[in-house]
Amino acid sequence: MSRAGDTHVPGRTTQVGPPRDNPFGPRFVAPLYVGASLNPVNSSIIATALVAIAAALHLAVGDTAILISCLYLTSALAQPAAGRLAEEFGPRRVFVAGIVLVFTAGIVGSLAHSLAALIVARVLIGAGTSAGYPAAMLLIRRRAEQAGHEAPPRGVLGGLSITGAATVAVGPALGGLLVAWAGWRSAFWINIPVAAITLILVLTGIARDPDPVRPGSPRALASRIDLLGMLGFGGSLAALMIFLSALPRLDRPALAAALVLAAALVAWELRAAHPFLDVRLLVSNGALTRTYLRNGLTLMGTYVILYGLTQWLQVARGLSAYQAGLALMPMGVLTAVTARVVSRRTGVRLPLILCAVLLLVGAVAVLFIGSGTPMVAVICVSAVFGLTSGAGTVANQTVLYQEAPAATLGTASGLLRTFGYLGAIASAAITGAAFHSSVNDSGLHLIAWVLVVISALVLILTVLDRRLAKADRRHANSHRAGGAGDPARCTATATTESTERRSTDMTTGTHITATIDPARTALLLMDFQPVTLGAVPDSEGVLARAREALAWARAHGTQVVFVRVALTAADAAAVPAHNTTFSQVAAAGYLADGTPATAVHESLAVQDHDLTVRKIRVGAFASDTDLRAELRARKVDTLVLAGISTSGVVLTTLRQAADEDYRLFVLADATADPDPEVHQVLMEKVFPRQAEVVTTADLAALSRAEEPTARP
């Protein structure tokens, strides 16, 4: 049997012990909140300075829209890139590097005398501020794990959302005050003291990353962070921005370039060992993909109003920059209040539906706003979008935390912001096109009609998303049952209780403790490969429990069997077209043998005396493997199963092994499925018919021979 190769695991850290006292105290969360707010506040603070910049540089107001677009283009690429780098080199290091860039950008913008120099400053701001949010999400996750929490406190994530959501809307008021008091350059130099304060908070409040930096060879590093994927993603976004900026004129070459680069990016990412944009995860995890789309469309609608209404108030209504920002202050206040309320809820579907409905109501209301509309009415309409922003931002972040694989939370968090920036880029293009010739009522109404379409799409996308309702029911049941918030652990607890009930002899009243002979047992760790782990929630937690089971097996002399799925070129060519699953996999090169993505995960550390089975179909006992003969030769009669996924290799292997008359145990907490609800149903209702469902914590007791004892 072949020995599997090793792969690199981004973001794996050394545990340094749980933090003392409150792990999420003010010293820890303060720099995270401030750092995560730098990007949204810079996104919105520029809105009130555009008119002044255009006048100072003798440009049309529409030409200054590039200062919005360039920051969002940079941020759209830099957010997931920063998340990937934080997983690779440590979130604190990336956080500090980002703050230094922001400080530099403040100096460049303060000294700029041309639009080109301002664009450079905005690009630096976009790159630097993009480190804050994904690094914060990763730091929160790791601090929770070190403290032994199943999940971080909801208040911490809620505070992160509130900070980001509130600063988006507060930015215009702050920007208006600064521009009125110190001129448009203040929108840039304000970053200098803020960055300095943030740096001090980070250095004094957040512990150093425990792992040393081991970049390896340039080629290996480029592969681990998928440098080509990042460049392709950036190129396709740049072409898309050029196309959007030219609207309403159709820039066909830019559109063609965007489509070609996007197609090339997808083709590359399907083959990359560590994809920057995990296309397969986006396809397989529909709930996560819908969250990205919903977040992007919602922020597109919010930013269209934020930028469009700000410019309209200054030009069409004659307000100063400060007055325009002050008029939007209620929007910021309601954003923060709504975010606070939603962060305390356990459900997400109702807030998301409310968000979509309010977005539609606000869009229709803008159609009735004109130069003669009382300011009170204008302020009330803008306040509706504050409700939308607060509810949508918090609820979508919660869904992301639930659905994204834990091992790549930094990249996933960055991608959430990326989709928001794509919406912001589109909003800047819409605003620029609507106000291209002049800023007037008809342009504002054109923006409103576009917003009606956007809000309708958000409402449809939310109402038809069944996963949101299922997630709410699952979490409600978990809370009623006193669960700690980890679906795998809750399921494991329930299945252990059901196993104990089944192990009671109702005739004699004797409680039978199941035992196994480690020498006649094999632990099957199945499909623990990078290519499969990315599709399941809490992959890092499942891996950790698989390592616990592996340590138990090695300590007791139990045979370890690693089962992996991989296709050689000949295997792929032999897959018949009517095999709908593997014909698509073969055509895409998804499971190519010999690639790091199909090797056994490196953290499981394959040893020479382990068995490694390569299979070309779902089950471990498929006809192409010699697993039967190997187990018979070792006189194995008991199997302990764990793997990815519950409804795939675990279910199929369990059925096959039952027909082979093996005694079976399934490790509920070292097994996962892309759909947690399917995992739970199989563990509670299907597997107990042919196997004992246990947890890794039960293995020690199972391997200890005990005499039956009567219950008292």
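The model is predicted, and local features need pLDDT of at least 70, side-chain atom pairs count only at pLDDT 80 or more, and totals for chains, interfaces and linings use all residues. Residues are numbered from 1 along each chain as its sequence is written, and side-chain values use heavy atoms, with hydrogens and water left out.

The protein chain contains 30 helices and eight strands; these are DSSP runs, with helices (H or I) of at least four residues and strands (E) of at least two, numbered from the N terminus. Of its 712 residues, 56% count as buried, that is, under 20% relative accessible area with a 1.4 Å probe, protein chains only.

In the largest nonpolar core, which has 108 residues, I53, Y72, F188, Y292 and W312 touch the most other members. A nonpolar core is a set of buried Ala, Val, Leu, Ile, Met, Phe, Trp, Tyr and Cys residues joined through side-chain atoms within 4.5 Å. Apart from this core lies another, of 29 residues, including L524 and F687. Beyond its neighbours within four places in sequence, Y292 is in contact (heavy atoms within 4.5 Å) with L282, L400, A412, L415, L416 and F419.

Strand β2 spans residues 521-526, and six of its six residues are buried. On one side these are T521, L523 and L525, and on the other A522, L524 and M526. Strands pair if DSSP finds at least two bridges between them. Strand β2 runs parallel to β5 (residues 638-643), joined by six bridges, with A522 partnered by L639. Five bridges pair β2 with β3 (residues 559-565), also in the parallel sense, and here L524 has V561 as its bridge partner.

Conventions: Buried < 20%, exposed > 50% of the residue type's maximum accessible area, 1.4 Å probe, protein only.
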